[in-house]
Amino acid sequence: MQTIINAQAPEFKVQAFQNGEFKTVSSDDIKGKWAIFFFYPADFTFVCPTELVDLAGKYEELKKMGVEVFSVSCDTHFVHKAWFDTSDSIKKINYTMLADPLGVLAKGFGVYKEDEGVAYRGTFVVNPQGLIKLVEMQDNSIGRNADELVRKVKAAQFVESHPGEVCPAKWNEGADTLKPSIDLVGKL
């Protein structure tokens, strides 16, 4: 299996739904920006709305950090709108919901589940140069935590702006980082 860490994010152009409007979103829209691609299996399901609402609660914080958020499922933009119109939970979402009915994005990011035509729960953080800096994938029965995602994005942004420093386990903004050197070998 080949890793996609530090690989270029796939090129794409898809339909989307955001705040009551349809729009087209492409890879050009993320150039020069941090972006999260938050794949989930399908609209009108069970774990998915809990995750999407959890992420919606962090959307303003992520925007202040300069991060664009895109949820992605293999549904159409029409289905996203129907879900938004009928679910009080989904009405809380202000970020862009990308439509991937042919699974092009899901395949490009390596989360497409062929036998069901849906995406696995995959989270990808892409830096302003278009490189994938964080990947988290899990079985569709396991939900994610938006607090932990925000922490990881902060760590990715920190190390990008502080060359030569790394963030240790459980690092939070403002905590000490490490500067790898021979002096640290065997002392941590």
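**Sheet, surface patch and salt bridges**

Thr123 stands opposite Glu136 in strand S9. This is a predicted model, in which local features need pLDDT of at least 70, side-chain atom pairs count only at pLDDT 80 or more, and totals for chains, interfaces and linings use all residues. Residues are numbered from 1 along each chain as its sequence is written, and side-chain values use heavy atoms, with hydrogens and water left out.

Strand S8 (residues 121-126) pairs with S9 in the antiparallel sense, over six bridges. Two strands count as paired if DSSP finds at least two bridges between them. Strands and helices are DSSP runs numbered from the N terminus (helices H or I, at least four residues; strands E, at least two). Strands of a sheet pair through backbone hydrogen bonds, either parallel or antiparallel.

S8 and S9 belong to an open sheet of seven strands. The order is S2-S1-S5-S4-S3-S8-S9, and the pairing is mixed. S2 and S9 stand at the edges; each has a single partner strand, so one side of each is left without a neighbour in the sheet. On average, neighbouring strands are turned by 25° against each other, direction ignored. Axes here are lines fitted to C-alpha atoms, for helices over the stretch in contact, and angles run from 0 to 180 degrees between N-to-C directions. Helix H3 (residues 77-86) lies across strand S1 (13-18), S2, S4 and strand S5 (96-99). The helix runs at about 10° to S1.

Strand S9 (residues 132-138) contains Val135. Val135 is partly exposed, with a relative accessible area of 32%. Met137 is also partly exposed, at 44% relative accessibility. Buried means under 20% relative accessible area, exposed over 50%, and partly exposed in between (1.4 Å probe, protein chains only).

Leaving aside neighbours within four places in sequence, Met137 is in contact (heavy atoms within 4.5 Å) with Gly110, Val111, Arg121, Gly122 and Phe124. The C-alpha atoms of Met137 and Val126 are separated by 15 Å, at 11 residues apart along the chain.

The structure holds 15 salt bridges. A salt bridge is a side-chain nitrogen of Lys or Arg within 4 Å of a carboxyl oxygen of Asp or Glu. One of them joins Lys58 and Asp147, with the closest N and O atoms 2.7 Å apart. Lys58 lies in the loop between helix H1 (47-56) and helix H2 (59-64), and Asp147 in helix H5 (residues 146-161), so the pair ties together parts that are 89 residues apart in sequence. Asp147 is partly exposed, at 44%. Lys58 and Asp147 are linked with Glu61, Lys154 and Glu173 in a network of salt bridges.

Lys33 forms a salt bridge with Glu68, at 4.0 Å between the closest N and O atoms. This pair links distant parts of the chain, 35 residues apart. Lys33 is in the loop between strand S2 (21-26) and strand S3 (34-39), and Glu68 is in strand S4 (residues 67-73). Both are partly exposed: Lys33 has a relative accessible area of 33%, Glu68 one of 29%. Asp88 pairs with Lys91 in a salt bridge, the closest N and O atoms being 3.8 Å apart. Asp88 is exposed, at 62%, whereas Lys91 is partly exposed, at 39%.
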